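Thanks for coming, everyone. Please have a look at the structure on the screen, and then we'll walk through a few parts of it.

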Amino acid sequence: AMSAPLVGYSSSEEEREQEEEGGSRGRGAQGSPGASAGRPRLPAPTGLPGDPDPEEAVSDDSSRHGGRVRGFPHERGNWATHVYLPYIAQEEFLEMLELLVSRARTYVPSLAAMEEFHLSLSQCVVLRYHWIEPFVRSLRERLAAFHRFFCVADQVKVYTNQNKTRTFIGLEVSAGHFQLLELVSEVDGVLEEFDLPTFYKDPSFHISLAWCVGDLSGRLEGQCLRELQGIVDGFEESAFLLRIQWEQIRCKSGNKYFSFPLR
């Protein structure tokens, strides 16, 4: 059974994943196309029993789908889409996470640990169903040449989403920033082909560890943040754990996952 803060995780995790990339405290979000308008929250397309066939996805005749109301504006066949690097947590990482979360909870009791970990290479954008295949094909072509690389994510940082409805504790990348920017530049190229918002300018690349509802960054910054950084710096496995070799890029669109191995 899940603990209270994680009630409704499957849909709220979707929203968090999508909202999470709001740059830290004024960094990142400004000036990026579409970001300043305050993105609408985009819950997962949970109303679909399976993958819709393309005809159903593009038609907007509500009699054909029982008048179901989707979380997306107006049209059926809109799929929340996100490009990211998946991070597979090892046991030691989860031990460190447990230490961090229990310490941070002495400042913000409502904090909940993330259940999946990733580093975002795009905002969450909305794709029409019939765009998914060409979008993925274009990503695959642009990312084919990339080699595996390491980065170090060891700086504890506090983030809020765009409209300040959620706060996150994350590990910011301190090495490997340049390679991540190169990847983002390719992903941005694909997003532009489809007229979708590109990633934040001057992004803070990070892996989110924990989250809570509301803007509680004031309580987590300062003393709490220093204590959390102390835990990371003092954790015996941390140098090994937080030097991450990325092996694949992933794209999630609605309930579909696509994987792009790095060479």
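What covers the buried residues of H7? Keep in mind that this is a predicted model. The cover includes helix H3 (91-104), E5, E6, helix H6 (217-220) and helix H8 (238-241).

Now H7 itself. It runs over residues 223-234, which is 12 residues. From its first C-alpha to its last, H7 reaches 16 Å, close to the 16 Å expected at 1.5 Å a residue. Which residues of H7 are buried? They are Cys-224, Leu-228, Gln-229, Ile-231 and Val-232. Look down the axis of H7. These buried residues fall within an arc of 155 degrees, so they line one face of the helix. Now look at the face turned away from that buried side. There you find the exposed residues Arg-226, Asp-233 and Gly-234.

How many salt bridges does a search of the whole structure find? The search finds 6. In general, side chains of opposite charge can pair when their charged atoms come close.

Let's start with Lys-157 and Glu-172. Their side chains meet in a salt bridge, at 3.2 Å from N to O. Lys-157 is in strand E5 (residues 149-160) and Glu-172 is in strand E6 (residues 166-175), so this pair ties together parts that are 15 residues apart in sequence. Are these two buried or exposed? Lys-157 counts as buried, because its relative accessibility is 18% and the cut-off for buried is under 20%. Glu-172 is buried too, at 14%.

Next, helix H4. It covers residues 132-143, and both Glu-133 and Arg-137 lie in it. The two are 4 residues apart, about one turn of the helix. Their side chains form a salt bridge at 3.9 Å, N to O. Glu-133 counts as exposed, at 61% relative accessibility. Arg-137 is partly exposed, at 47%.

Arg-142 pairs with Glu-193, and their closest N and O atoms are 3.3 Å apart. This pair links distant parts of the chain: Arg-142 sits in H4 and Glu-193 in helix H5 (residues 177-193), 51 residues apart. Both partners are partly exposed, Glu-193 at 46% and Arg-142 at 32%. Salt bridges that share partners join Arg-142, Glu-186 and Glu-193.

Last topic: the nonpolar core. The largest one has 67 residues. Which of them touch the most other members? Leu-121, Phe-135 and Trp-246 do. Take Phe-135. Beyond its close neighbours in sequence, its contacts include Val-83, Leu-127, Val-190, Phe-194 and Thr-81.

Let's finish on Thr-81. This residue is in strand E1 (residues 78-87). Thr-81 is buried, with a relative accessible area of 1%. A polar atom of its side chain lies 2.9 Å from the backbone oxygen of Trp-79. Further along the sequence, Thr-81 touches residues including Gln-123, Val-125, Cys-251 and Ser-253. Phe-135 is also among them.

That's my tour. Over to you.

Conventions. Residues are numbered from 1 along each chain as its sequence is written. This is a predicted model: local features need pLDDT of at least 70, side-chain atom pairs count only at pLDDT 80 or more; totals for chains, interfaces and linings use all residues. Side-chain values use heavy atoms; hydrogens and water are left out. A salt bridge is a side-chain nitrogen of Lys or Arg within 4 Å of a carboxyl oxygen of Asp or Glu. Buried means under 20% relative accessible area, exposed over 50%, partly exposed in between (1.4 Å probe, protein chains only). A nonpolar core is a set of buried Ala, Val, Leu, Ile, Met, Phe, Trp, Tyr and Cys residues joined through side-chain atoms within 4.5 Å. Contact means heavy atoms within 4.5 Å. The expected span of a helix is 1.5 Å times one less than its number of residues. The arc is that of the directions from the helix axis to the C-beta atoms. A polar contact is a pair of N or O atoms within 3.5 Å; within protein, one must be able to donate a hydrogen and the other to accept it, and residues adjacent in sequence count only if both atoms are side-chain atoms. Lists of a residue's contacts leave out its neighbours within four places in sequence.
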